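Hi,

Here is the structure I promised to pass on. Have a look at it first, and my notes follow below.

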Amino acid sequence: MYENTDPKDLKYVGQDPPRLESTQKVTGQATYGADITMLGLLHAQVKKSPHARAKIVRIDTSKAEALPGVRAVVTGEELDYRLGLYVVDKYILAKGEVRHYGEAVAAVAADTLLIAKNAVDLIDVEYEVLPPVLQPLEAIKKDSPLVHPDLGTYEYFKPAFTPQPGTNIVNHNKIRKGDVEKAFAESEYVVERFYTNPSVQHVPIETHVAIARWGAGDQVTIWSVAQSPHTVKNLFAVAFKIPHRNVRVIVPYIGGGFGGKAGIGLEPLVAVLSRKAGGRPVKLQASREEEFSLLPCRSGLQQRIKTGVSADGKILAQQMTQYWDAGAYADYAVNVQRAASYSGSGPYEIPNCWVDSYALYTNKPYSTAYRGFGHVEFHWGIERHMELVASAIGMDSLEFRRKNLLRPGSFTITGEEITEHTGDVVKCVEAVAESIKYGSLTEAEKEREKKTGRKIGKAVAALQKAPAMPPFTAASVVLKMNQDGTVTLNVSLTDMGQGTYTSLAQLAAERLKFPLEKIHVAFETDTDRDPYDWQTVASKGLMLSGNATILAAEDLLKNAYDVASQILRATPHDMDHDAERIFIRHHPNRSISFREIAVGYAYPDGNGIGGPLIGVGKYIAQGLGHIDKETGQGLPALDWTYGAHGMVVEADPETGEYTILKIASCFDVGKAINTGLVRGQAIGGMVQGLGTAFCEGYIFDEQGHLLNPSFTDNKIPTAMDLPLEIDAMVVETAQIDGPYGARGVGEHSMISVCSALGNALQQAIGVEMTHMPMRFEDVWRALNNKTPIDNWITKSPVGSCRSAPELRKHGRG
């Protein structure tokens, strides 16, 4: 959409204006969930399970109910409501059995937070502890205990998912392309390896907060720091079997989400507490520890990759088996796993491909969307595997990638043809390789090696991601002109820190030809006021809501021109406008100002025409379809954003300690609407990716207890961990159906950071890492052929991260 516009003709698109909400945030005027209070507000707390799997024998709430100031106590036995986005498998509170450590079994609403905490301590729960299922590779076994024995009775979204009753497999996706067995037989080399990574917490700066008031006539108002207000409204109404018109969701400013606030979470619980408390509003604000165990996390992944390569380094075949740790409930994990299956090859052309991707129930905190939507996890394996394959066959890894990257005329593993407009991953890889001066050391780097005794390694890693969403994904925008000719933009896409509202304002200003300061985007989304948007996930916001904004601007102008044509007695085709007025092109002095017609125009005789100027824009994803369940062939991707990272690392060959000297990142964004925001996403995502790479990850004991549910033992990066040098770049291959050629880039900067680090460590000191995170001690263990510390289960190691890849060379003749 307007993708061929000459950059010289663009006034606001491609610029770097300040973020719209920056003043409100830095001055403390922005209202977040924790700031909200109201008359009669009660405070909620939950009783959490100390076990990963156990039958609930008895819950005694009598002491809690007798405590002065307690207004409501609820347990799972009195709540017969199931929740679920794709598979409806979760009760509001555990009922009959707890399925993960930290799961809520009872809840209290009281006059103060202290009373609520004391009341929760008074609740007595008797459990019958059962052996938990903790490893995906254990969960998939036929004799494994079932996390959900009633899986066959659950409702689910049938076009996309296939739960398998009587197993722990909540979904299984397949890709079948070409003749894999024949291609392996014809390969000169076959390389096979196993890769693992643990579950990770989102750790937004603001924890989950929800408030609900259950009013008369089942009118429910919810205040929540939710990424997707209309999804909360829909899932809530369906679960409670009340009309959608009865449910109102209000979203204040959000302090980060990263996918963890994408679905429905605490809202049903505070709603039932409010109902039991006679309609008084109830607020629940999660602690940081509850973020780690009560609330969802990123899926863990164990995957095996087998690749067949020709004598000249062309990939002929690839077979991948992915075992995704969904945790106790399906939530977004099944769609994460589904997206990982059809994108699982990475940005490479694989003529013969076989993928089996499983989402598996385990007795761990449940998994959900996380920035990258599974692509961080499987790209860890793919990009490490490309490095290891190149090493095994004796080819430079950059050259190996050049030979196999997708290009126009290539086909993805689902059969989609890559075109000139899809994006250019080759340019991204070349850009980062040039930035880090891949392939050799500078004189300064050689001197640094001599001085420090450390070895410097340089490596690249490529990436791809498309939005993971159903074919009916849609967005809408309403533009309303105010009496002074300024414009208010209403949208249900939420801005949780990514800056999309500023980009939407730029698009509106560009199309309207208005100064940017005349565009106001309404924060604090309200489903009773703001038009529908599917969800704020998948890096689809700028593309879909951006297109809807352009269409809304055009609709507003059309309506304004219709009124002006009557006043000026001219056809709309002969008119033009500037920031203040509409005029006749060949008689520019004949004009009418926008403020004169903003809410209606009255002739001198008092006759009125027009009315409030409003523009409505709606846009739905084009050309998507459900992939075939048996072959995986189809068109699941709205667009592809490609990218690459280059990394320079120095490492101690004795201790495994390392320092990241430089990261270069490049993404094909189609068109950078706001250059500063793109750079911010590139750097922010890269740092978040570093956390996954070198320090973050859940650690459980053999009973399923989470051992590191806080920042004390579950570290995240700080400013001290930043690389010494950062280079953020873009390639702009216009997306035909994107707003001014743009495509999303919010998640992509986090993908393949881990792989780039693993690859650079391999180039520096020859260490072969197949498990992340890569802490200093993990690198030391790999250097010394020692078993890695396994983040899945502390006493059940997956295998050595130093072991050589399985390599078979075929003799043909």
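How many bridges pair strand S2 with S8, and in which sense do the two strands run? S2 (residues 54-60) and S8 pair in the antiparallel sense over six bridges. Strands here are DSSP E runs of at least two residues, helices are H or I runs of at least four, both numbered from the N terminus, and two strands pair if DSSP finds at least two bridges between them.

Before going on, a word on the source: this is a predicted model, with local features needing pLDDT of at least 70 and side-chain atom pairs counting only at pLDDT 80 or more, while totals for chains, interfaces and linings use all residues. Residues are numbered from 1 along each chain as its sequence is written, and side-chain values use heavy atoms, leaving out hydrogens and water.

Back to that sheet. It is open, has three strands in the order S6-S2-S8, and its pairing is antiparallel. S6 (97-98) and S8 (124-129) are the edge strands, each pairing on one side only. Isoleucine 56 has tyrosine 127 in S8 as its bridge partner.

Next, have a look at S30 (residues 658-668). S30 pairs with S29 (residues 641-651) in the antiparallel sense over nine bridges, and lysine 662 in S30 stands opposite valine 648. Six residues lie between the strands of this hairpin, where glycine 656 takes a positive phi near 85°. S30 also runs parallel to S31 (residues 725-731), joined by seven bridges; cysteine 666 has methionine 729 in S31 as its bridge partner.

Now the rings. There are 21 aromatic pairs in the structure (Phe, Tyr or Trp rings, the six-membered one for Trp, with centres within 6.5 Å; planes under 30 degrees apart are stacked, over 60 edge-to-face, the rest tilted). Tyrosine 2 and tyrosine 740 are a stacked pair, 5.6 Å centre to centre with 25° between the planes. Tyrosine 2 sits in the segment before helix H1 (22-26) and tyrosine 740 in the loop between S31 and helix H18 (753-765), so the pair ties together parts 738 residues apart in sequence. Tyrosine 2 is partly exposed at 33% relative accessibility, whereas tyrosine 740 is buried at 7%. One aromatic cluster is made of Tyr86, Phe157, Phe161, Tyr332, Phe373 and Phe472.

Cheers

Note on methods
Buried means under 20% relative accessible area, exposed over 50%, partly exposed in between (1.4 Å probe, protein chains only).
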